[in-house]
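Subject: Structure handover

Hello,

Here is the structure for you to look through. Please open it first, then read my notes below.

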Amino acid sequence: MRFPPLLSLLFALPAFSNPIGSAADDRPLVVSNQLRRLLTRSSLLRQADVLEYFSLLPGANGNRAFGGIGHNATINWLFDTISALPEYTVSLQPFKAPYSASTGTFLIDGESDSLFYASRNSPNASGVRGRLAVAGGNREGCNDADYETHGSVRQKIVLVKRGNCSYTAKSQLAGRKGALGVVVYNDLPGTVLDGRLLDEKDIVPTGSIGNDYGLKLVERVSRGESIRAELNIATLKEERLTYNVIAQTTSGDQKNVVVLGAHSDSVPLGPGINDNGSGTIALLEVLLNLKRFRTKNAIRFLWFAAEEYGLLGSNYYVNTLTREENYKIRMMLNFDMLASPNYILGVYDGSGAAYNITGPAGSDRIQSVFEAFFKDVGKTSVPTAFTGRSDYGPFLRVGIPSGGLFTGAEGIKTEEEQNLFGGEVGEPYDANYHQPGDARKNVDREAWITNAKAIADSVAVWGGGGLERFPNRREARWQAEWGGQPSLSASLSPEFSALGPPVLFILLTPILLRNSRIAFSAFSSLNSLATGLHFARD
């Protein structure tokens, strides 16, 4: 990708024009079944090959974490691909954010007996040794009393169960009681989650182990065994520049915008092909095929950076919207994890009927459209909690109706869900969630193509004119939060003010060469990396 000399497009939200959406636009109006039939499993998988390749670039360390080499390649690839299409306007929205990645070991009696992940942003630890203690009560370590039930935790490493409060709260409470460190064992079988700590006072070295190993250690301590534990953690912290990608149809009413969103980054532990390459690619495939049609309402595609570090990209985007721009957005549809191997077909419960959390007016309508699609194609869907855990959360905060799809993360599949969707009872929806194994070979193709077609259907419904009876946001009774400044800087660092001459990377693998458009875009992405669009490596 060759940036304009002054990089002017990076400093503002896109100025959307309407050359193709004029009276001369003779493309047919988007229709659900016509758009859906253009989407294929093979196209999704080809794009997955590209993202996985980016995670394997020199210095990418097997991931696409924001601001790193693998993620910068992803951003450039998206931008390059869309820039070639006159049916869309596209821009990059830059922001800076704190990045951290941690590695470490957890030893019991001098031995490393199980998988251990240091929590992102954990304080460093070198040979921190102490007796192993167990938090009291329900062992979740979410209040002071949990660290006093079995005696003092001072100068000990405390074992706590995941759940009910954040890793930061657990670490902070233990630290205030004099603990040397915290090891969190999963409350569910099957996965080890690294967790993330905020920059707060009193946090101590923290990491995670699996459920089975954690319960074994709890049992040993409960029997009165004196167990020697040791933590070693090394944490990288730095500020990184990253980008949201913003693309919009030139057709359709530019004052009535349907937003489709997905986060483009992974965690530092893996390539993130399900989380969230599946959403990233599904949106791109819908965009590539939607160009054949016109729309009555504008469709805006958003790829958010740094979701895995606290929804930073979507928060930044929402914080920079003016009141006028906010009201142009009629809804936000979020797509995060669409191809879990032990999947459910989940629809966000915007109506609140299942989980008693109701979104802004219209969220129930969004839910019903998705549910109707699944029913029409002979599939079953189930409501999933409307928690704001993904990038739709900031949109809810400012009163924008929201909805979306989700196939499950670390949660455990029930017998009822197995009857509906198949798979394995008692196993995580995605055993590779936030793991190195979140790779192309481990996604469920049927779930992925089904959800991609559900996205296409929603584009046809809402982009084809379905907003006429949708609640008018100017009249909606919703206590939106306004004012305040973005918490992240929007300025570019000096090294981005003048990019050096391009350096051509070695030839790409045949995986990328299967598709000439993808190969061209990937070459351009790698050229951009070589000219300086990357930061310190993980």
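N276 sits in helix α6. Helices here are DSSP runs of H or I with at least four residues, strands are runs of E with at least two, and both are numbered from the N terminus. The peptide bond leading from D275 to N276 is cis, with omega near 0°.

Some ground rules. This is a predicted model, where local features need pLDDT of at least 70 and side-chain atom pairs count only at pLDDT 80 or more, while totals for chains, interfaces and linings use all residues. Residues are numbered from 1 along each chain as its sequence is written, and side-chain values use heavy atoms, with hydrogens and water left out.

**Overall**

The protein has 14 helices and 13 strands. It has 538 residues, and 59% of them count as buried. Buried means under 20% relative accessible area, exposed means over 50%, and partly exposed lies in between (1.4 Å probe, protein chains only). Now take contacts, meaning heavy atoms within 4.5 Å. Among those with a separation of 6 or more, 81% join residues 24 or more positions apart.

Start with β9, residues 297-304. Of its 8 residues, 8 are buried, so the rest of the structure largely encloses this strand. Strands count as paired if DSSP finds at least two bridges between them. β9 pairs with β7 (residues 228-249) in the antiparallel sense, over 4 bridges. There, W303 of β9 is the bridge partner of V245. β9 also pairs with β8 (residues 253-263), this time in the parallel sense over 8 bridges. R300 of β9 is the partner of V259.

Helix α6 (residues 273-290) comes back here. β8, α6 and β9 form a right-handed β-α-β unit. Right-handed means that, with the strands pointing away from the viewer, the path from the first strand over the helix to the second runs clockwise.

β8 pairs with β10 too, in the parallel sense over 5 bridges. V257 stands opposite I329 in β10. β10 is mostly covered, with 7 of its 7 residues buried. It runs parallel to β13 (residues 402-406), joined by 4 bridges. N334 stands opposite G404 in β13.

**Cores**

A nonpolar core is a set of buried Ala, Val, Leu, Ile, Met, Phe, Trp, Tyr and Cys residues joined through side-chain atoms within 4.5 Å. The largest one has 74 residues, and L260, F301, W303 and W448 have the most contacts inside it. Helix α12 (residues 445-463) gives the most to this core, with 10 residues. A second, separate core has 38 residues, including V153, V184, V257 and Y348.

What does W303 touch, leaving aside neighbours within four places in sequence? Its contacts include L78, I82, Y243, V245, A262, T280 and L287.

A306 lies in the loop between β9 and α7. Its phi is near 60°, a positive value in a residue other than glycine. A306 counts as buried, at 0% relative accessibility.

Helix α7 (residues 312-319) is mostly covered, with 6 of its 8 residues buried. These are L312, G313, S314, Y316, Y317 and V318. They pack against β1 (88-108), β7, β9, β10 (329-335) and α10 (393-397).

N61 also has a positive phi, of about 60°, although it is not a glycine. It is in the loop between α2 (41-55) and α3 (69-83). N61 is partly exposed, at 45% relative accessible area.

**Y392**

Where is Y392 found? It is in the loop between β12 and α10. Is Y392 buried or exposed? Y392 is buried, with a relative accessible area of 1%. Y392 and N334 are 58 residues apart in sequence, yet 5.9 Å apart in space, C-alpha to C-alpha. Not counting residues up to four places away in sequence, Y392 touches M332, N334, Y348, A385, F386, T387 and S402.

**The largest pocket**

The lining has 45 residues, of which R162, R389, E410, Y433 and H434 lie nearest the centre of the pocket. α4 (167-176), β12 (382-384) and α11 (415-421) each supply at least two residues of that lining. A pocket is found on a 1 Å grid over the protein atoms alone: it is an open set of points where a 1.4 Å probe fits, with protein on both sides within 12 Å along at least five of seven lines, and lining residues have an atom within 4 Å of a point.

Best wishes
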